[in-house]
Amino acid sequence: MDKGKMDENEWGYHGEGNKSLVVAHAQRCVVLRFLKFPPNRKKTSEEIFQHLQNIVDFGKNVMREFLGENYVHCGEVVQLPLDFVKQLCLKVQSERPESRCDKDLDTLSGYALCLPNLARLQTYHFAEHRPILCVEIKPKCGFIPFSSDVTHEMKHKVCRYCMHQHLKVATGKWKQISKYCPLDLYSGNKQRMYFALKSLLREAQNNLKIFKNGELIYGCKDARSPAADWSELAHHLKPFFFPSNGLASGPHCTRAVIRELVRVITRVLLSGSDKGRAGALRLGPGSRGPCVCEASPFGKSLRHQGKSSLERSGLPKGCLLYKTLQVQMLDLLDIEGLYPLYRRVEQYLEEFPEQRKTLQIDGPYDEAFYQKLLDLSTEDDGTVGFALTKADCGCLAEVKSQVPEF
């Protein structure tokens, strides 16, 4: 990337979350990730750089160890001309969802994270002659808390995602409750996985996006966007999944195309080719807590079909969903157990602020930090070290709610 010849017209809005905004280059397969902050909160250029460098180090030294080389792209921190960043900010502002505009793009530091654009391909010769399809899934937490610190009985029966669905509909963020439940996707049972993926496709919210040649063709662009049209999606997908029944259009064709898409996604999620080191955690899916969320409509669907029990399948140990779930299950205490430990660390740092560096609060995220995360003990010895380790594990488990694009 020639940072001296940056043209904002060559970049377009790609998407954003709570803490960052991403733009994609029109020709090259790269994206830039900028940090976002509330209007009244400013950070120095040095703080921005260190924040982004910590993200890179965390990917290299922690997430690659857990998930494997093939599944983690760390990127690099780049410094860009300030004029380019300011003009780019003005260019993409009109494309941003209104619900995300409560925070501003960082235009003062000039720092951004440069990453490969996984919604496009650049290394395959057929890429120029055939459309490239990319599916992005944010599966959310795949287990029900098993910690003895949980005081609300409902949390032992219903997963966090399904509880949040009721909250988000009640507060007006989404129009209707999704039938998707993460426990169905993580079950390894193909019937449950099919149900989960079809539910995601019916009510994508911000948990599923589909790109074609780098352009978003399916998924909500805004919290108030209506559910996308399956027939329109099927039109885009027919070059990939032309129905075996030979129908070129109509509802039967649409259902056949969607069914093939779901089968392919399931096959990809259950496959694995990268070893990683997540197996060292010895936290297999289904090893703790219930395997079914009581709020999931799947159980009701089975009863409607006259079936009384679920087939237990489990996830293959080499697949990405298995590794993701293992990392999520580093959270042994739930937020009810973690928050008092967080407060212990917070109060300690208020008294001894110089200890932030010693305790690696702000990095470096190196091999020593990774080794701390492998400590699965739950016996509280009353120390700040124990509290910090568990807080780190809880934060890491929260981070792993998104499956990389494929």
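Biologist: Which residues form a nonpolar patch on the surface, with about 340 Å² of accessible area together?

Modeller: The model is a predicted one. Tyr342, which lies in helix H10 (residues 334-351), has a relative accessible area of 43% and is therefore partly exposed. A residue must have over 30% relative accessible area to be part of a patch. The patch consists of Ile335, Tyr339 and Tyr342.

Biologist: Which residues have the most contacts inside the largest nonpolar core?

Modeller: In soluble globular proteins, nonpolar side chains tend to be buried together. Here the largest nonpolar core has 44 residues, and its largest share, eight residues, comes from helix H7 (residues 251-270). Apart from this core lies another, of 28 residues, with Val31, Met63, Leu330 and Leu373 among them. Within the largest core, the residues with the most contacts are Leu201, Ile210 and Tyr218.

Biologist: Leaving aside neighbours within four places in sequence, with which residues is Ile210 in contact?

Modeller: Contact requires heavy atoms within 4.5 Å. With neighbours within four places in sequence left aside, the partners of Ile210 include Leu133, Cys134 and Val135.

Biologist: Is the salt bridge partner Asp184 buried or exposed?

Modeller: Asp184 forms a salt bridge with Arg192, and their closest N and O atoms are 2.9 Å apart. Arg192 has 4% relative accessibility and so counts as buried. The cut-off for that class is under 20%. At 1% relative accessibility, Asp184 is likewise buried.

Biologist: Why are Arg343 and Glu346 separated by about one helical turn?

Modeller: The two side chains meet in a salt bridge, at 2.2 Å from N to O. Arg343 is partly exposed at 28% relative accessibility, as is Glu346 at 27%. The separation is about one helical turn because the two are three residues apart in helix H10.

Biologist: How many residues apart in sequence are the parts that Arg344 and Asp380 tie together?

Modeller: Arg344 forms a salt bridge with Asp380, the closest N and O atoms being 2.7 Å apart. Arg344 lies in helix H10, whereas Asp380 is in the loop between helix H12 (367-373) and helix H13 (384-399), so the pair ties together parts separated in sequence by 36 residues.

Biologist: How many salt bridges does the structure hold?

Modeller: Side chains of opposite charge can pair when their charged atoms come close. Glu16, Lys36 and Arg96 are linked in a network of such bridges. The number of salt bridges in the structure is ten.

Definitions and conventions. Residues numbered from 1 in each chain as written. Predicted model: local features only at pLDDT ≥ 70, side-chain atom pairs only at ≥ 80, totals over all residues. Heavy atoms only, no water. Patch = residues over 30% accessible without salt bridge, like charges linked within 9 Å, V, L, I, M, F, W, Y side chains within 5 Å. Areas by Shrake-Rupley, 256 points an atom, 1.4 Å probe, with all protein chains shown as cover. Salt bridge = Lys/Arg side-chain N within 4 Å of Asp/Glu carboxyl O. Helix = DSSP H or I, 4+ residues; strand = E, 2+ residues; numbered from the N terminus. Buried < 20%, exposed > 50% of the residue type's maximum accessible area, 1.4 Å probe, protein only. Core = buried A, V, L, I, M, F, W, Y, C linked by side-chain atoms within 4.5 Å.
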